[in-house]
Structures are given as structure tokens and as C-alpha cells.
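Colleague: Could you take me through one part of this model with care, namely the surroundings of the ligand? I am new to it and would welcome a connected account.

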Amino acid sequence: MQEINKGKLYVVGIGPGAYEQMTIRAEQALNECSVIAGYTVYIDLLRGHFPDKELLTTPMRHEKERCIMALESAAGGKVTAMICSGDSGVYGMAGLILELAPEYPGVVIEIIPGVTAALSGGAVLGAPLGHDFAVISLSDLLTPMDTIKKRLKAAAEGDFNICLYNPASRKRCDYLRQACEILLCYKDEKTVCGVVKNIGREGETMEVMTLGELKDTAADMFTTVFIGNRMTRDIGGRMVTPRGYKDV
Ligand code: SAH
């Protein structure tokens, strides 16, 4: 028997914050839906642009509840969009939605990518990710610290550019320092690094510094950190990792 379509759920990456940094496809999906679900902070970023939508919010750490709410809304026949900051698959809800989806046969799920903080933050700093890079989250809420440390070591040994997400929170205030201590075992303390805060939002700031300086830098949950490779340079205050085009 053919499955009857019961609903549609978009999982939308809305980019770093500023409305203009959302993709046209994401905007179309948000226009098309009647319900928008998401973490309160991200819903607040969009609220003014979509005054007629039904909004479903849950606080941080209620991810499963939020996804079930969105799937049920879609299964109930309302076109629903679950929003995530940046990209919906990079430490976002796209995976969890697909894990829960088998319970909701008939809900058609479409994942819409967005500009992740590594890319939007990279553009603010200059061009730090011009060569191979690794993205590592320092959050140990769901990942054992041993695994995080192993990945930091491997990325440093491979001389990757490294982009750190979730570098700190109120409870994890010295994680960035700990990460730098591991990296300093393999990388020079003069390695060029960059810190970007509140990308595409009010209070956006950026700073280029050395790895030695990064160790003593304060970060929060709206900070993304970039660590250069051996070739990364500070060119007039911009962080640049050359690929080698200039020397061909
Ligand atoms: N899905 C998101 C990442 C969620 S994890 C994305 O693709 O960007 C949350 C972490 O992402 C934050 O701790 C921070 O390191 C980074 N981040 C997300 N949005 C940011 C922003 N607007 N400014 C700075 N960092 C951001």
C-alpha cells in the first residue's frame, strides 16, 4: 500500500544570525511553513520577520522534546520548520530529527543547509580556512573529554587548521585553556589564531592573536575559535591561511 503523506518538516539552518546571511532556500521554507520550532534564542532572531507564524520554543538542553514537538506538528498536517543556527547538521538538530523520524512515517523531511559558524566566522577574520581544516566541539555534555582530547591531538599532529565550537560555557570556563595546552605540545606558541564573537549579531567582534595569547583568552558560548596551521599569517590584522596560489 502506498504511504499517505501526512506532513512536511523542514530542518533549516538559518546561518549565524543576520537575516541576510540566511540562504534564499531557507527563507523560502520559512515563508512556506505555518509553524516554526526552535530554541528560544533563534526564534527571537526571526520573530520580527515572520509575525504570522505559530512559534514553538523550548529552552536549551531540551533538544529531544523540541524535535518531537516539531515532528508532531508536521504529522498533524501543518507544514513545520525546525530551525537551527548556522547549519542544521553541524552540531544541529538534523541528525536527531532523522533518528526520531521512523516513529512518524509519512512525514516528509527536507534538510536545508545554512552557513555554519566556521564559515561565517572565517569570513569575519579573513580567510583562515584556506587549507584542510578540522572542526572540533569542546563541549563534553555528549562527548567524553578523552575523545575530545584525542581529536585535538590528532588535528594538531596533522597540522590542520582547527576551528573550535563550544569553546566555553559558564560551567566549562577553562576548557579553551586546556585545549590550548594540548595544542601547544605540537604547535608553536606564535601560531596565528583568531577569535570571533556574536557572528552576524549585535556585538560582533573579532581578534587575531597568537596561540600563546589564545590560552589566556576568555570565550563564551557565542564564540568560535580558529587556530592556524604552520602557514597561517596575520596580514594587516586579518587571519589568512595561504593555499599556495601566490607562489605558483
Ligand atoms: N549549528 C551551529 C553550531 C551549533 S554549536 C552552526 O552550524 O554554526 C554552538 C557553537 O557554534 C557556539 O558555541 C559557537 O562556538 C558556534 N556559533 C554558532 N553561532 C555563532 C555565532 N553567531 N557567533 C559565534 N559563534 C557561533
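Modeller: By class, the shell around the ligand holds 9 nonpolar, 7 polar and 2 charged residues, where Ala, Val, Leu, Ile, Met, Phe, Trp, Tyr, Cys and Pro count as nonpolar, Asp, Glu, Lys and Arg as charged, and the others, Gly among them, as polar. This is a predicted model, in which local features need pLDDT of at least 70 and side-chain atom pairs count only at pLDDT 80 or more, while totals for chains, interfaces and linings use all residues. Residues are numbered from 1 along each chain as its sequence is written, and side-chain values use heavy atoms, with hydrogens and water left out.

In total, 18 residues surround the ligand, the closest being S85, V90, T116, M221 and T223 (a residue is near if one of its heavy atoms lies within 4 Å). Turning to polar contacts (pairs of N or O atoms within 3.5 Å), a backbone N or O atom of M221 lies 2.7 Å from an oxygen atom of the ligand, and a side-chain N or O atom of N166 is 3.0 Å from a ligand oxygen atom. A nitrogen atom of the ligand, in turn, has a backbone N or O atom of P16 at 3.1 Å. Of the 540 Å² of accessible area that the ligand has on its own, the protein covers 94% (Shrake-Rupley method, 1.4 Å probe).

The C-alpha centres of domain 1 and domain 2 are 28 Å apart, and 11 residues of domain 1 are in contact with 11 residues of domain 2 (heavy atoms within 4.5 Å).

Definitions and conventions:
A polar contact is a pair of N or O atoms within 3.5 Å; within protein, one must be able to donate a hydrogen and the other to accept it, and residues adjacent in sequence count only if both atoms are side-chain atoms. Domain bounds come from an automatic or database domain assignment.
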